[in-house]
Amino acid sequence: MSRQHLACSQAIKAKTEPVSSPPPEISSDDYTNTPFTDSCSLTLAAGPGGHGCISFLREKYIPDGPANGGDGGTGGAIYIQALRGETSLHKLARRGTLKAGRGKNGQGTSKGGRRGEDVVLTVPVGTVVREVWRVDPVEEEEMGRRGKGFGADLRREEREEAEESGEEEGKWEGTDQSLKWRREKWLLYPGILPKSFTSADFPALPRPRRSNLAVSQPPAPLRLDLDKPMATPMLLAAGAMGGLGNPHFVTKSVPRPKFATKGDDALRIHVQLELKLLADIGLVGLPNAGKSTLLRAMTASRARVGDWAFTTLSPNIGTVVLDNQRGRVAGLTTLPVYPDGEPRMHFTIADIPGLIPDAHLDRGLGLGFLKHIERAGVLAFVVDLGAGDAVEAVKALWKEVGEYENLRSGELNADTQRTTPGGDALSTYQPFTSSISSSELGGDLLLDQQAARPLPPLTLPPISSKPWVVVATKADLPETQENFAALQTWLAEVQAGVQEHPSGKQNGWRRKLHALPVCGLKKEGIEGLRNVFVELLSES
């Protein structure tokens, strides 16, 4: 063999032989902040109705045509829909107030106004909707005029009162003009002043109306648990009715009325949205245990990674795709299913900020992030094999979680004792009692809105009853085998009932306990961890 052929063969051999390279370094500046919000408050305002039209027929040889003004359009409605693709409420939290479209005004030649645009709220599955307060103009109008009729009923009552008092015939017309003429309810023909209308010309105020869609609204106050995906949106607030055109007020004495009614004000509801399920898998661990690195290894998330404590200050959510419609991931034979039997194409993992000793006493990042642990379907306790005894680390984490569970149980028991029997199991607060006071303007009765009370916490399953697994990170470091072996032995004793459940609860979950060594930086052991997560999701 010549020297040239020998050199070529050596070059090809060098290219084909695997070269051991150090694990990639992750820069602390290579990250993307994923916005996440698990609870928010919103004010939902349905669309007000359009105004009625004051119009008259204009044709050749018809100088004074009849009234032909159209009615105003109905306001837009507000719907809500729970979808599996949504994972956070941050899109709604920054809105503050959601308003549906206003109905268009009526037009001439008896053309009705166009309906206002609807608004659809898309929320994650597992969202709980609870009402804080509401303002219903139609209900206020009915309560304010309680004891008095509307329209023809009012005129009949006035006639009867006049006959009882012995007044002359015709004097009964318009005796309650303050309820008829209300500037915020009527539209006048341009150039016509209110003083041009006599009490006999002006009709009684029509009866308040509700949209036909209002029958589909949930009963007040709202208490909704959207725990299943919805094929069609659910109505929350129907739009207000539009005003009446001037043909509605034609009488023998007033054949060409020069007035119409304005559109009704819309229903407004202030609600609190809260996620009952944060993610399918929740990563729980001490600071610098490798949770963010593990999340980056299993998902496409770019959570921030650093060598200091509390790198993660808010939960990061990542998605593990099991089936991308072109094929399943390697090593996965069957897909888990949702409770409704639908195959699960993906699952979510939440990187929860690290816990420190006495976190249940609101130290460190405090109770706010212990709450997130409560809302994960499966708990994955992440421990660093190179940072000390792994068994003691798991016990320390379970101690904080167990103390928080005891604290929540005490709060729920106190709230249960304060509620009345027969209350809603989802939301145990009582509807507000409204006080009615007389307004100084026009003698109208208004509903005084009371200050909003804080809603009680949601009733969630005990943390100790959730499936859990121990993930041992940094398993590639030397001299960690003994630490991992001790962890496996302890978990086997807990599963067999020899050791007490680390939460201290008798009914703690211990059916199938796993301890898996992984290296998030090199992505070693990730496939086996994913399969264990899929198995636990099938049992949860």
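How many bridges join S1 to strand S10 (residues 268-275), and in which direction do the two strands run? Seven bridges join them, and the strands run antiparallel. The views below come from a predicted model, in which local features need pLDDT of at least 70 and side-chain atom pairs count only at pLDDT 80 or more, while totals for chains, interfaces and linings use all residues. Residues are numbered from 1 along each chain as its sequence is written, and side-chain values use heavy atoms, with hydrogens and water left out.

**View 1. The whole protein, with 10 helices and 18 strands.** Helices (H or I, at least four residues) and strands (E, at least two) are DSSP runs, numbered from the N terminus. Of the 540 residues of the protein, 44% count as buried, where buried means under 20% relative accessible area, exposed over 50% and partly exposed in between (1.4 Å probe, protein chains only). Among contacts (heavy atoms within 4.5 Å) between residues at least 6 apart in sequence, 76% join residues at least 24 apart. The accessible surface, computed by the Shrake-Rupley method with a 1.4 Å probe, comes to about 28100 Å², and 51% of it belongs to carbon and sulfur atoms.

**View 2. Strand S1 (residues 39-45) and its partners S10 and S3.** Five of the seven residues of strand S1 are buried, so this strand is largely enclosed by the rest of the structure. Two strands pair if DSSP finds at least two bridges between them. On the antiparallel S10, Val-271 is the residue that stands opposite Leu-42. Strand S3 (residues 97-99) runs parallel to S1 and is joined to it by three bridges, with Thr-97 in S3 as the bridge partner of Thr-43.

**View 3. An open sheet of three strands in the order S4-S2-S8.** The pairing in this sheet is mixed. Strand S4 (119-124) and strand S8 (234-237) stand at the edges, each with a single partner strand, so one side of each is left without a neighbour in the sheet. From one strand to the next, the twist averages 35 degrees, with axes taken as lines fitted to C-alpha atoms and angles running from 0 to 180 degrees between N-to-C directions. Strand S2 (residues 78-83) and S8 run antiparallel and are joined by three bridges, and Tyr-79 stands opposite Leu-235 in S8.

**View 4. Aromatic pairs, of which a search of the whole structure finds eight.** Rings of Phe, Tyr and Trp (its six-membered ring) pair if their centres lie within 6.5 Å; planes under 30 degrees apart count as stacked, over 60 as edge-to-face and the rest as tilted. One of the pairs is tilted and is formed by Phe-249 and Phe-259, at 5.7 Å centre to centre and with 55 degrees between the planes. Phe-249 lies in the loop between S8 and strand S9 (259-261), whereas Phe-259 lies in strand S9, 10 residues apart. Both Phe-249 and Phe-259 are buried. Phe-381 and Trp-468 form an edge-to-face pair, at 5.8 Å centre to centre and with 90 degrees between the planes; this pair links strand S14 (residues 376-384), which holds Phe-381, to strand S17 (residues 468-473), which holds Trp-468, 87 residues apart. Phe-381 counts as buried at 0% relative accessibility, as does Trp-468 at 1%.

**View 5. The ring cluster of Trp-186, Phe-249 and Phe-259, and Arg-256 over Phe-56.** Ring pairs link the three cluster residues. Arg-256 lies over the face of Phe-56, at 4.2 Å from the ring centre; a charge sits over a ring if NZ of Lys or CZ of Arg is within 6 Å of the ring centre and within 35 degrees of the ring normal.
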